[in-house]
Amino acid sequence: MLVSDQLERLDRLPLRTNLRGLSPYGAPQLDVPILLNVNENTHGVPADVQAAITEAVAAAATGLNRYPDREFTELREALAEYLGHGLSPDNIWAANGSNEVLQQILQAFGGPGRKALGFPPTYSMYPLLASGTDTEYVGGVRADDYGLDAESAAAQVRETGANIVFLCSPNNPTGTGLSLDVVEAVYEAGEASQAIVIVDEAYHEFAHDNTPSALTLLPGRERLIVSRTMSKAFALAGARLGYMAAAPEVTDAIRLVRLPYHLSAVTQATALAALNHREALMADVEDIKVQRDRIVTELLRMGLKPAASDSNYVFFGGLEEPHKIWQGLLEAGVLIRDVGIPGHLRVTAGTEPETTAFLEALEALLDDAPPPHA
Ligand SMILES: *Cc1c(COP(=O)(O)O)cnc(C)c1O
């Protein structure tokens, strides 16, 4: 079917006004040998974790005639233990991916007449989740180098009177972490509008050693939420398990909007098995960090401008014709991400051979192209 024909048909439907003209989230899913485009964990699920998941899911299968534990008690206990910071199961909530967690937060605290503030370039799902819940989305501003300082962020929270603030740390697509003084300043500035402040730490496990988590700020801050996921460090993007830590009253608020039994017994069993066998997974995280740092070093040597990265991907500028480079890499069998920012591309750190293939293909393309901007 022609795309324009499909659009016309969509237009004729009685779609909600705030969804008209929107496009769905859509990173291209192409069949390419080396996939470095959506920040997945490239190292696969370690063999012992696969075995543990298989066994746990087989056990869960015997009870699938019954609804799962609605409170996913065992999983909340395991997640609290994993996060540490004195958190208890009452502080933990989980759903099918952190995207669902974020949607539930918007359902509980956003909605018509309320405003969510994000700081683009940032995760492209924030505005989509906002419109899906009829929450107004306001795009704030960053510095020219895409940084965000405490004073500027706090001022924007005050000016907009935001009800919800999205802070992504490390930020996607730029990869750079936020210092905790930004979170503290935003939280204080949100006092007047009673803003819920979400720190999206989807990539926290990839941060350089000793990078503090916003989890350290939770005590005494009942409007603060830290969201995490098993999609990246735990190599479980396909299993769909995201979670958050917050004050117990916040998790109670989310219980008002969750669907009954939203976390399947299969999902709970899978996530628990991975949490209980995380040693090999965390070793892969260390290897990915090595490849990430290698990408930064090599891109600098090629005269490009990679941003500092605390994630499993690198955002880099200094490209004359990013789309041409993206296309050339695709032809070489390497899919990376064009995030639509002039002069820039984003690449996920791969296994060592995948990273080598990317770096070699990129260097060959740059040799054929005019020299990058100084
Ligand atoms: C990948 C990612 C997530 C994770 O989404 P899931 O729904 O848990 O797979 C959340 N936030 C950001 C910024 C991400 O890049």
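Buried means under 20% relative accessible area, exposed means over 50%, and partly exposed lies in between, using a 1.4 Å probe and protein chains only. This is a predicted model: local features need pLDDT of at least 70, side-chain atom pairs count only at pLDDT 80 or more, and totals for chains, interfaces and linings use all residues. Residues are numbered from 1 along each chain as its sequence is written, and side-chain values use heavy atoms, with hydrogens and water left out.

Select Ala61. Ala61 sits in helix α2; helices are DSSP runs (H or I, at least four residues), numbered from the N terminus. Its relative accessibility is 43%, so Ala61 counts as partly exposed.

Next, select helix α9, residues 265–276. From first C-alpha to last, α9 reaches 16 Å, close to the expected 16 Å (1.5 Å times one less than the number of residues). Nine of its twelve residues are buried, among them Thr267, Gln268 and Leu275. What covers them? Show α2 (47–61), α3 (73–83) and α10 (279–301), which are included in the cover.

Move to the largest nonpolar core, which has 112 residues. Such a core is a set of buried Ala, Val, Leu, Ile, Met, Phe, Trp, Tyr and Cys residues joined through side-chain atoms within 4.5 Å. Ile105, Leu167, Leu299, Phe316, Ile336, Phe358 and Leu362 touch the most other members. Helix α7 (residues 180–189) gives the most to this core, seven residues. Domain 1 (18–46 + 280–368) and domain 2 (47–276) both contribute, so the core lies between them; the bounds come from an automatic or database domain assignment.

Key
Helices (H or I, at least four residues) and strands (E, at least two) are DSSP runs, numbered from the N terminus. Contact means heavy atoms within 4.5 Å.
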